[in-house]
Amino acid sequence: PPPNPNAGAITCRGRLLTKRSPRQAAVMATDGYGAVAPAKNEGGGDGELRRHRYVGRGLLLFCAALNGTLSVAIKVVYDTPDPPTAAALSAMRGIVAALALVIMLGLQTLMARGSDGDASGSAGEKPAQEQLPLLLPADVDLAQVQVRAAPPRSSYIAVAAELALWNVGAQGLQNLGLTMTTANRASFFLQLSVVITPLIQGALGQRVKVVVWLGALLCVVGLFFLTFNKGGETTDVHIWRMNMGDVFCISGAVCWSLYVLRISKVGERFEEFSLQCAKNVFMAFYYSLWAGVNYAQLASAASALLPLSVLWPGWRNTTAIAAIVYSSVGPGALEDVLQQMGQATTPAADSNVILSMEPLFTVIFSYLLVGDAMDPSSSTGGLLITVGALLASFA
């Protein structure tokens, strides 16, 4: 029988290997009988696989650098004269990121249709499945690999709406927190999600390994050092101090953990890029609602009908506009796509190590762009949080 045209996810013993569009999964993953066809080891196939893995690691390192600039770019916006409110900033970023992903999806669809037309119109070419071998991780047993039928496209809406809600909670709370705390602290606080995720699983009755508890302990100690600051500019006395911005960023880490848990449950049933686009459209909608509520609050406080510019009095500032567009397209839409490509050929453990370098890039760019240097106490806390997150991720 021909490959299942509704195939959407390729799995091995419940482990997701890769996701493609239904047609790509059927063409790339099957040999015509529902079994995965391994890439032929001809003409230096091992070298080709190694090259793909090097490229994957390079992409993930670039993603870590992009993510490291996100908090800094938002901080740059807040440091401009008459900056936007957190709600207005989030809405603008959400709309730009959604438009960028929708454009990418449209281009991908047009390219796929064009390649399909070329393949069907060339009688002398080999079948598509012979031209597009699937590169699988070395530890995968091909006998256990199967192509899973994808759910109906209509079910995207509910899943995308839910995932967007958790994602908005994560990024929106971080945007709000950055109005009151530094980019460096926000980045390290977000790292806590790596430990929070398995702890939530433990609260739900799942077994939590000892190494996760060790990682959590390191993160708690690191959190203490990170929030152990000087009592003022005129004294060297240090006190434990956590402001509301820190609380918002930690709450954002909790929301991100919930997002990770939910997408691990439902995400592999859908083609990832389409789900990302639908999710970002819902995020833009949620952010716009937040901005609308923010405007209503300001208008109510003034007892007058205010112009929309009240959400961003300095909207003509080109530096702020450039930072918002960059934060939406670079660490936003582009990073989503590149991370998906990089993780397709990189083992999970390696991916965790590379992506955990994000706070390092944040510290570098924060110092270079906004002059935000970390004192020894904060540096120690950030290091402990990063080590604790790495331990938890390896579990």
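**Notebook: helices and rings**

I began with helix H6 (residues 183-191), where 8 of the 9 residues are buried, so H6 is largely enclosed by the rest of the structure. Buried stands for under 20% relative accessible area, exposed for over 50%, and partly exposed for what lies in between, with a 1.4 Å probe and protein chains only. The buried residues of H6 that I listed are Ala183, Asn184, Arg185, Ala186, Ser187, Phe188, Phe189 and Gln191. Helices are DSSP runs of H or I with at least four residues, numbered from the N terminus.

I noted that this is a predicted model, in which local features need pLDDT of at least 70 and side-chain atom pairs count only at pLDDT 80 or more, while totals for chains, interfaces and linings use all residues. Residues are numbered from 1 along each chain as its sequence is written, and side-chain values use heavy atoms, with hydrogens and water left out.

Next I looked up H5 and H10.

The axes of helix H5 (residues 156-177) and helix H10 (residues 272-302) come within 8 Å and cross at roughly 55°. That makes H5 oblique to H10. Angles under 35 degrees count as roughly parallel, over 145 as roughly antiparallel, 65 to 115 as roughly perpendicular, and the rest as oblique; axes are lines fitted to C-alpha atoms, for helices over the stretch in contact, and angles run from 0 to 180 degrees between N-to-C directions. In the contact (heavy atoms within 4.5 Å), residues of H5 including Tyr156, Ile157 and Leu163 meet residues of H10, among them Phe282, Tyr286 and Trp290.

Then I turned to H7 and H8.

The axes of helix H7 (residues 193-203) and helix H8 (residues 210-226) come within 10 Å and cross at roughly 130°, and the two helices are therefore oblique to each other. Val195, Pro198 and Leu199 in H7 meet Val212, Trp213, Gly215, Ala216 and Cys219 in H8.

Last, I checked the aromatic rings.

A search of the whole structure finds 4 aromatic pairs. The rings of phenylalanine 285 and tyrosine 286 have their centres 6.0 Å apart and their planes at 50°, so this pair is tilted. Rings of Phe, Tyr and Trp (its six-membered ring) pair if their centres lie within 6.5 Å, and planes under 30 degrees apart count as stacked, over 60 as edge-to-face and the rest as tilted. I also recorded that phenylalanine 285 is partly exposed, with a relative accessible area of 47%, and that Phe282, Phe285 and Tyr286 form one aromatic cluster.
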